[in-house]
Amino acid sequence: MEIVYREMFLEDLPRVVDLFRELALEEAEVSFAEILSEDEIKSWLTDEDVFVYVAVDENQLLAVFRAIRGKQNKRHAAYLTVAVGKKHRGYRVAKELTLYSLERLKQAGIKLVRTYVYSNNRASINTVLSCGFTFAGSVYQHHYDEALDAYVDDLIFHKIL
C-alpha cells in the first residue's frame with residue numbers, strides 16, 4: 001500500500017462524501033458522520049480557516065483530517081477531527097495523517113491544536129497520545145450510550161505546535 005498524505009482537492013469530494021456516508025451507516029461517533037452535504041464539504045476548500053488533508057492510496061480515500069482555526073483572538077488555535085474508513089483502521093493511517101497535517105498547520109501559523117475524543121474510543125485516545133497530545137480535561141458524562149449502558153465522557157486533548 002502506497003499511502004499519500006496531501007491537501008484535499010475538489011476532485012476528492014465524491015470520495016469524501018462516500019466516506020462520511022459509510023461512517024453514518026456504521027453509526028460512528030465522529031462529527032463527520034453527520035455531514036452528508038457536498039456543498040458543506042466544498043465550502044471547506046475555500047475557507048481560509050479550514051484546513052483539510054486526506055490519506056489516499058491510488059484511487060481510494062482512506063481518511064480525512066480537518067482543522068478549524070479559531071476567529072479573532074483565537075486564531076492561534078485549531079480544533080481537529082479525523083476519521084478513517086473502517087477497512088483501513090489499525091494501520092496507523094490516522095497517526096500518520098495527523099502528524100502530516102500538524103506540520104502543515106504549524107507552517108500556517110497555528111500554535112495550539114485541540115481535539116475531543118469519547119472516553120470509550122481507545123483507538124483514538126492511543127492515536128492522539130502517540131502524536132504527542134496531552135490530556136487536558138473532560139466533559140464528564142457527556143452522553144449516555146445505551147449499547148454500553150453507561151455514560152461516556154468527552155476527553156479533551158491539546159498539543160502545542
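Biologist: What pLDDT does the protein chain average?
Modeller: This is a predicted model, in which local features need pLDDT of at least 70 and side-chain atom pairs count only at pLDDT 80 or more, while totals for chains, interfaces and linings use all residues. Residues are numbered from 1 along each chain as its sequence is written, and side-chain values use heavy atoms, with hydrogens and water left out. pLDDT is the predictor's confidence in each residue, from 0 to 100. In the protein chain 98% of the residues score at least 70, and the average is 92.

Biologist: Where is confidence lowest in the protein chain?
Modeller: Elements here are DSSP runs numbered from the N terminus: helices are H or I of at least four residues, strands E of at least two. The highest confidence is in α3, at 97. The lowest, a mean of 87, is in helix α1 (residues 13-26).

Biologist: What is the strand order of the open sheet?
Modeller: Two strands pair if DSSP finds at least two bridges between them. The open sheet has 7 strands with mixed pairing, in the order β1-β2-β3-β4-β5-β7-β6.

Biologist: Which are the edge strands?
Modeller: An edge strand here pairs on one side only. The twist across the sheet averages 20° from one strand to the next. The edge strands are β1 (3-7) and β6 (134-145).

Biologist: Which residue in β3 stands opposite F51?
Modeller: β2 and β3 run antiparallel and are joined by 8 bridges. The residue opposite F51 in β3 is A67.

Biologist: What angle does the direction of α3 make with that of β3?
Modeller: Axes are lines fitted to C-alpha atoms, for helices over the stretch in contact (heavy atoms within 4.5 Å), and angles run from 0 to 180 degrees between N-to-C directions. α1 packs on the sheet against β1, β2, β3 and β4, with its direction at about 90° to that of β3. α3 also packs on the sheet, touching β1, β2, β3, β4, β5 and β7, and its direction makes with that of β3 an angle of about 40°.

Biologist: Why do the buried residues of α4 lie on the same side?
Modeller: In helix α4 (residues 122-130) the buried residues are I125, T127 and V128. They lie on the same side because the arc they cover around the axis, taken from the directions from the helix axis to the C-beta atoms, is only 160°.

Biologist: Which elements do the buried residues of α4 pack against?
Modeller: On the other side of α4, R122, A123 and N126 are exposed. The buried residues pack against α3 (93-107), β5 (112-118) and β7 (150-160).

Biologist: Which residue takes a positive phi in the hairpin of β6 and β7?
Modeller: β6 and β7 pair in the antiparallel sense over 8 bridges, with Y151 in β7 as the bridge partner of Y144. The hairpin has 4 residues between the strands, and the one with a positive phi, near 55°, is D149.

Methods: Buried < 20%, exposed > 50% of the residue type's maximum accessible area, 1.4 Å probe, protein only.
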